[in-house]
Amino acid sequence: MMAQISPYAFSAVGIAISIGVSVLGAAWGIYITGSSLIGAAIKAPRITSKNLISVIFCEAVAIYGVIVAIILQTKLESVPTSKMYESESLRAGYAIFASGIIVGFANLVCGLCVGIIGSSCALSDAQNSSLFVKILVIEIFGSALGLFGVIVGIILSSQATWPAKTL
Amino acid sequence: MYGFEALTFNIHGGYLEAVVRGHRSSLLTASDYNNLCQCETLDDIKMHLSATEYGPYLQNEPSPLHTTTIVEKCTLKLVDEYKHMLCQATEPLSTFLEYITYGHMIDNVVLIVTGTLHERDVQELLEKCHPLGMFDSIASLAVAQNMRELYRLVLVDTPLAPYFSECITSEDLDDMNIEIMRNTLYKAYLEDFYKFCKKLGGATAEIMTDLLAFEADKRAVNITINSIGTELTRDDRKKLYSNFGLLYPYGHEELAVCEDVDQVRAALEKYPAYQSIFAKLSYGESQMLDKAFYEEEVKRLCLAFEQQFHYGVFFAYMRLREQEIRNLMWISECVAQNQKSRVHDSVVFIF
C-alpha cells in the first residue's frame, strides 16, 4: 500500500519537514536562550553582546534547514505517468523524504540543545564571567549535531535520481 | 514530566528565573559581614551598606539611626523586588509567589490580635507588621473578641480562610490560645503549600517538598522545646505537628512525649540528616539550636540554586534574603548595645 502513494507526495513532505521542523527547533532554542538572557542582563549588562553567540548558533540551525530544502527541491524532477511507480522513481521519492526527515529532526534537537545550554550559559556568565568560554565549548559540540544531520541529508539526497524521461 | 522542564519552563518562567538569580548575586557575602561586624556605630553600618545594593534605600535616612529603621528599609527592598516579580508572573508562578507570603500574613494576624489583647494602639501595631503579609482588612482584626468573630469578620475574605477550619472555637483569645492558633494555622498553611508543590510536579515538587519537609521538622522541634514545662498536653502538642516531613509519623510520636532537651536530642539522633545539627551542640545546651537550624536551612536553600527551570529558586531567594535581614538586625543590635563580642553568636553566613 505504501508503494501506491505517489513519490511526489513523499518528496514534498520531505522538503516541508526539512525546513519546517528545522525552523521549529531554531525558534524553540532562541526563545529558551533569549528569555534567560534578557532577565540576566538586568543585573549584569555586560553579558548581552557575548551571549548573542548562543542565539547565532540556534539561528544557524534554521539556515541549515533552508539550505537543505533548496537543495532537495532542485532534485525534484517530473517523470511521465507511466514511469511514476517504477522502482527508480520510488527510490528517488523515498530518498528525498528521508533526507528531509533527517535534516529536520536533527536540527530540531540541535536547536533545543543549543538553546538550553545557551540559557544556562547566560545565567552562569552573569555570576562569573570566566565560565563563558568553557560553556561555549559545550555549545559548539551541540551545534555539531545539526551539521551531522545536514551532511547525511545531502549525501542521501544525491542518490535521488529519477528515471530518464525518454521511453 | 521530571527531566524535561527545560523544554517549556522558559515560556513563562524564564525571564523571572533569570531576574531572581540576578538578585541572588547581590546577597551579602562573608567579607561584607566581616566589615559590618567591625563597625563601631550604626552610622558606620549605614556607610558600609550604602556600598551594597541597600544603598538607595538607606541614603536618605537622617542620623541618629535606629536599628528598626535599618531593618525596615532593608525589608522594603525585599518587598519591592517581590512585588516586581509578582506583577510579572503568570499562573502558576503567581500563586506560588503568593504562597510564600502567607506565613507573614499569619504572623501579622497573631501580632495584631496579641497586641490588642495587651491594649496597644492599632496604628502602632500596624506599623510593626511585616509588609509582605499585609492584606486589606487587617486593621479590623482589633475588633474581634474570640476566634469565631475573628474568622467571620475578617479572615473569611483572606487567603487564610481555609486554614481556619481546624481552630475555630468559641473560647476567648488569650496568650496560650493565640500561640496554639498561630501554630495550627501555620501547620495548615505548610500542608497546603506542600500539596500545591506536589501538584506542580517535576523539579519544583522535588526541591520544594524537600525544603518544606525541613521547615516542618524544624517547627516540630521548636514547638516541642518551647512547650516543655507549659500546660500544653501531649495530645495537643501532637496536633500541632504537620503531617509530612522526615519526622512523620514516628519521630512525632517520640517528640510528643519528650520532657526535656536531651530527650529531644535522643529522638532526633536517629535521623542522620538532623544528627549533624545536634552534634554541634554540647549536652544540655539549647541556645545555639536556632543558629544550627538556620545554618542547615541556609545550606539547603543554596543548593536549590544548583538546578535550573524550577520555582524553588524563588522560595529559596526570599528565605535567604530574610535570613540576611535577620543577620543585619542582629549585627545592628550588637553594635548599638556595644556587645560586639556576641556578634558571631547568631550571624549565619550565606556565602
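# Pocket, interface and backbone notes

Visitor: Which helices of chain B each supply at least two residues of the lining of the second largest pocket?
Guide: Those are α1 (5-12) and α11 (202-226) of chain B. Keep in mind that this is a predicted model.

Visitor: Which one gives the largest share?
Guide: α1(B) does, with five residues of the lining.

Visitor: How much space is in that second largest pocket?
Guide: About 370 Å³.

Visitor: And which residues are closest to the pocket's centre?
Guide: B:Glu5, B:Thr8, B:Phe9, B:Leu200 and B:Tyr311, out of 18 residues that line the second largest pocket.

Visitor: What's the lining like by class?
Guide: Eight residues of the lining are nonpolar, eight are polar and two are charged.

Visitor: Switching to the contact of the two chains. How many residues are in contact?
Guide: 18 on chain B and 16 on chain A. Together the two chains bury about 1400 Å², and carbon and sulfur atoms account for 58% of that.

Visitor: How many salt bridges cross the interface?
Guide: One, by the rule applied. A:Lys43 pairs with B:Glu53, and their closest N and O atoms are 3.5 Å apart. As background, side chains of opposite charge can pair when their charged atoms come close.

Visitor: How many salt bridges over all chains?
Guide: The structure holds 21. One of them is between B:Arg321 and B:Glu81, where the closest N and O atoms are 3.8 Å apart. B:Arg321 sits in helix α17 (residues 312-336) and B:Glu81 in helix α6 (residues 67-88), both of chain B, so this pair ties together parts that are 240 residues apart in sequence.

Visitor: Now chain A. Which residues does UniProt list as "transmembrane region"?
Guide: The unreviewed entry gives residues 6-31, 52-72, 92-119 and 131-156 of chain A.

Visitor: What does the model show for 52-72 and 92-119, helix or strand?
Guide: Residues 52-72 of chain A are 100% helix and 0% strand, and their end C-alpha atoms lie 31 Å apart. Residues 92-119 of chain A are also 100% helix with 0% strand, and there the end C-alpha atoms are 41 Å apart.

Visitor: Which residues does the record list for the domain "V-ATPase proteolipid subunit C-like"?
Guide: UniProt, again in an unreviewed entry, lists residues 14-72 and 97-156 of chain A under that name.

Visitor: How far apart are the ends of those stretches in the model?
Guide: For residues 14-72 of chain A, the end C-alpha atoms are 9 Å apart, and the chain there is 95% helix and 0% strand. For residues 97-156 of chain A, the distance is 10 Å, with 93% helix and 0% strand.

Visitor: Back to chain B, and the backbone. Which residues are joined by a cis peptide bond?
Guide: One such bond joins B:Glu91 and B:Pro92, with omega about -10°. Another joins B:Tyr248 and B:Pro249, where omega is also about -10°. For context, most peptide bonds are trans.

Visitor: Where do the two prolines lie?
Guide: B:Pro92 is in the loop between α6 and α7 (93-117) of chain B. B:Pro249 is in the loop between α12 (234-239) and α13 (250-256) of chain B.

Visitor: What about phi of B:Glu119, positive or negative?
Guide: Positive: phi of B:Glu119 is near 60°, in a residue other than glycine. Most residues other than glycine have a negative phi. B:Glu119 lies in the loop between α7 and α8 (122-128) of chain B.

Key:
Residues are numbered from 1 along each chain as its sequence is written. Chains are lettered from A and ligands numbered from 1 in the order in which they are written. This is a predicted model: local features need pLDDT of at least 70, side-chain atom pairs count only at pLDDT 80 or more; totals for chains, interfaces and linings use all residues. Side-chain values use heavy atoms; hydrogens and water are left out. On a 1 Å grid over the protein atoms alone, a cavity is a set of points where a 1.4 Å probe fits but cannot get out, and a pocket is an open set with protein on both sides within 12 Å along at least five of seven lines; lining residues have an atom within 4 Å of a point. Grid points are joined across faces, edges and corners, and a volume is the space filled by probe spheres set on the points. Helices (H or I, at least four residues) and strands (E, at least two) are DSSP runs, numbered from the N terminus. Ala, Val, Leu, Ile, Met, Phe, Trp, Tyr, Cys and Pro count as nonpolar, Asp, Glu, Lys and Arg as charged, and the others, Gly among them, as polar. UniProt positions are given in the numbering used here, feature names are shortened, and annotations may be inferred rather than shown by experiment. Contact means heavy atoms within 4.5 Å. Buried area is the accessible area (1.4 Å probe) that two parts lose on being put together, summed over both. A salt bridge is a side-chain nitrogen of Lys or Arg within 4 Å of a carboxyl oxygen of Asp or Glu.
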